[in-house]
Amino acid sequence: MGLARFVDHKEFAPLKNDLILRAARGEKVERPPCWIMRQAGRYLPEYHEVKNGRDFFETCRDAEIASEITIQPVRRYAGLLDAAIIFSDILVIPQAMGMKVEMVDGKGPHFPTPLRTESELRTVLEYEVDVLKELDWAFEAITLTRKKLEGQVPLFGFCGGPWTLLVYMTEGGGSRLFRFAKEWINKRPDLSKKLLQKITDVAVEFLSQQVVAGAQILQVFESWGGELSCDDFDEFSLPYLRQIASKVPQRLAELGITEKIPLVVFAKGSWYALDKLCDAGYDVVSLDWLWDPKEACRINHGRVTLQGNLDPGVMYGTNEMITKKVERMISGFGGGKQRHIVNFGHGTHPFMDPEKIRFFLEECHRIGSEK
Ligand SMILES: Cc1c2[nH]c(c1CCC(=O)O)Cc1[nH]c(c(CCC(=O)O)c1C)Cc1[nH]c(c(CCC(=O)O)c1C)Cc1[nH]c(c(C)c1CCC(=O)O)C2
């Protein structure tokens with residue numbers, strides 16, 4: 001068991017807006033809280049200005065820059081966003097596990113030596129991961145961001161889901177066919193599960209230490225969930241997502257944090273798993289835009305708070321269209337006064353107009369406050 005970095009939470013300013021925490025707990029709220037996956041990043045001119053051509057992971061590792069980028073959308077959309085999410089990436093876990101990951105401009109992540117052989121995989125299994133040491137920069141960025149936020153909104157910590165990280169580690173980057181990841185789970189399910197377990201152990205420690213550093217709510221991004229069949233999701237994703245939800249509170253208690261930290265899971269594309277995800281130990285289940293909110297609410301039956309799920313592509317439309325889709329979303333989730341957090345069904349795109357996103361947020365506030 002590693003030690004904790006010492007961060008005195010009393011030095012953090014009191015939270016002025018706890019709407020998302022209340023909604024995650026299932027309380028009745030005055031309007032649905034709003035935030036957007038990838039709300040920091042390439043669609044914002046101020047992101048490019050601060051990044052200034054630097055390497056992506058270098059910007060993540062610089063606490064000053066990462067905190068500035070995290071706060072940019074909160075500043076630009078003053079009063080419209082109800083959470084910040086730390087500027088980092090899901091691929092920092094594979095890095096902490098000893099793998100090299102580069103971010104290639106215009107192409108996305110690239111692993112020069114993906115896991116293709118048993119001996120390569122065993123090297124990662126045997127690698128002793130010191131989460132506090134390998135990811136110290138991430139914790140430093142969280143602590144600094146939390147201070148700079150001055151209690152305006154809660155700060156999200158996050159990590160990748162184990163299956164999604166296995167995909168990147170074996171494919172070596174984004175993929176269309178998932179040939180190598182599918183080869184691993186279908187040829188060597190035993191070894192695949194060992195890797196998933198190792199990633200899970202690192203994820204539990206990483207998420208818990210993010211809370212020690214100052215994160216107030218956590219999200220697990222199982223972005224490639226929908227590439228698994230229903231059967232395989234039950235075997236290669238769900239058990240590890242469940243473990244994360246049950247072990248993070250245990251680890252937090254060991255680390256002296258007794259307050260309940262809301263946990264969010266986003267398993268993109270795994271529509272067949274909604275019922276099970278509502279019982280997986282998370283407070284919030286995030287939905288992609290393929291869901292009809294009414295149908296999702298029917299299945300959920302009030303067990304968790306649902307997050308989502310506007311098609312991000314609506315941002316390319318007219319204001320009238322945005323209004324119409326926001327109305328449908330909020331009324332679909334029952335009016336937004338309970339068990340709903342507004343979000344997109346996936347992240348922003350680099351081509352989006354920041355003013356459309358402002359309009360979207362304003363409409364969510366207006367429509368979500370009605371009645
Ligand atoms: C799959 C995944 C990744 N990273 C992430 C996921 C899960 C969410 C999802 O499904 O989209 C998570 C992530 N990545 C980033 C954040 C920051 C916080 C935020 O949401 O604002 C978060 C939460 C920044 C980023 N992560 C990345 C950027 C772009 C970096 C740049 O070129 O400036 C940002 C702002 C790079 C990245 N990182 C990843 C990819 C595939 C890419 C390339 C994306 C692309 O080209 O569109 C892996």
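1. Two residues count as in contact here if their C-beta atoms, placed from the backbone, lie within 7 Å. The model is a predicted one. On that criterion, helix α16 and helix α17 touch through N319, I322, T323, V326, E327 and I330 on the α16 side and K356, F359, F360, E363, C364, I367 and G368 on the α17 side. By class, this contact has seven nonpolar, three polar and three charged residues.

2. Helix α16 covers residues 319-332 and helix α17 covers residues 354-369; their axes come within 9 Å and cross at roughly 40 degrees. Angles under 35 degrees count as roughly parallel and those from 65 to 115 as roughly perpendicular, so α16 is classed as oblique to α17. The crossing of α16 past α17 is right-handed.

3. On the spacing of contact residues in helices, one general point applies. An α-helix has 3.6 residues a turn, so residues three or four places apart point the same way. The α16 list includes N319, I322, V326 and I330, and the α17 list includes K356, F359, E363 and I367.

4. E362 also belongs to helix α17. E362 has 18 other C-beta atoms within 10 Å and is therefore partly exposed, given that buried requires 20 or more and exposed 12 or fewer. In sequence E362 and Y77 are 285 residues apart, yet their C-alpha atoms are separated by 9.3 Å.

5. Sorted by class, the contact of α9 with α10 has five nonpolar residues, one polar and one charged.

6. How many of the residues of α9 are buried? Ten of the ten are, so α9 is largely enclosed by the rest of the structure. The buried set runs through P162, W163, T164, L165, L166, V167, Y168, M169, T170 and E171. After α9 comes G172, with a positive phi near 90 degrees.

7. R38 has a positive phi, near 60 degrees, and sits in the loop between α1 (19-24) and α2 (45-51). R339 likewise has a positive phi of about 60 degrees without being a glycine; its loop lies between α16 and β9 (340-344). Are these two buried or partly exposed? R38 counts as partly exposed because it has 18 C-beta neighbours inside 10 Å, whereas R339 is buried, with 24 other C-beta atoms within 10 Å.

8. The peptide bond between G308 and N309 is cis, with omega about -10 degrees. N309 lies in strand β8, residues 305-310.

9. The ligand is surrounded by 21 residues. The closest are A40, G41, G108, F221 and S223. The shell around the ligand is made up of eleven nonpolar, seven polar and three charged residues.

Notes. Residues are numbered from 1 along each chain as its sequence is written. This is a predicted model: local features need pLDDT of at least 70, side-chain atom pairs count only at pLDDT 80 or more; totals for chains, interfaces and linings use all residues. A residue is near a molecule or strand if its C-beta atom, placed from the backbone, lies within 6 Å of it. Ala, Val, Leu, Ile, Met, Phe, Trp, Tyr, Cys and Pro count as nonpolar, Asp, Glu, Lys and Arg as charged, and the others, Gly among them, as polar. Axes are lines fitted to C-alpha atoms, for helices over the stretch in contact, and angles run from 0 to 180 degrees between N-to-C directions. Helices (H or I, at least four residues) and strands (E, at least two) are DSSP runs, numbered from the N terminus. Angles under 35 degrees count as roughly parallel, over 145 as roughly antiparallel, 65 to 115 as roughly perpendicular and the rest as oblique. A crossing is left-handed if the near helix is turned anticlockwise from the far one by less than a right angle, and right-handed if clockwise.
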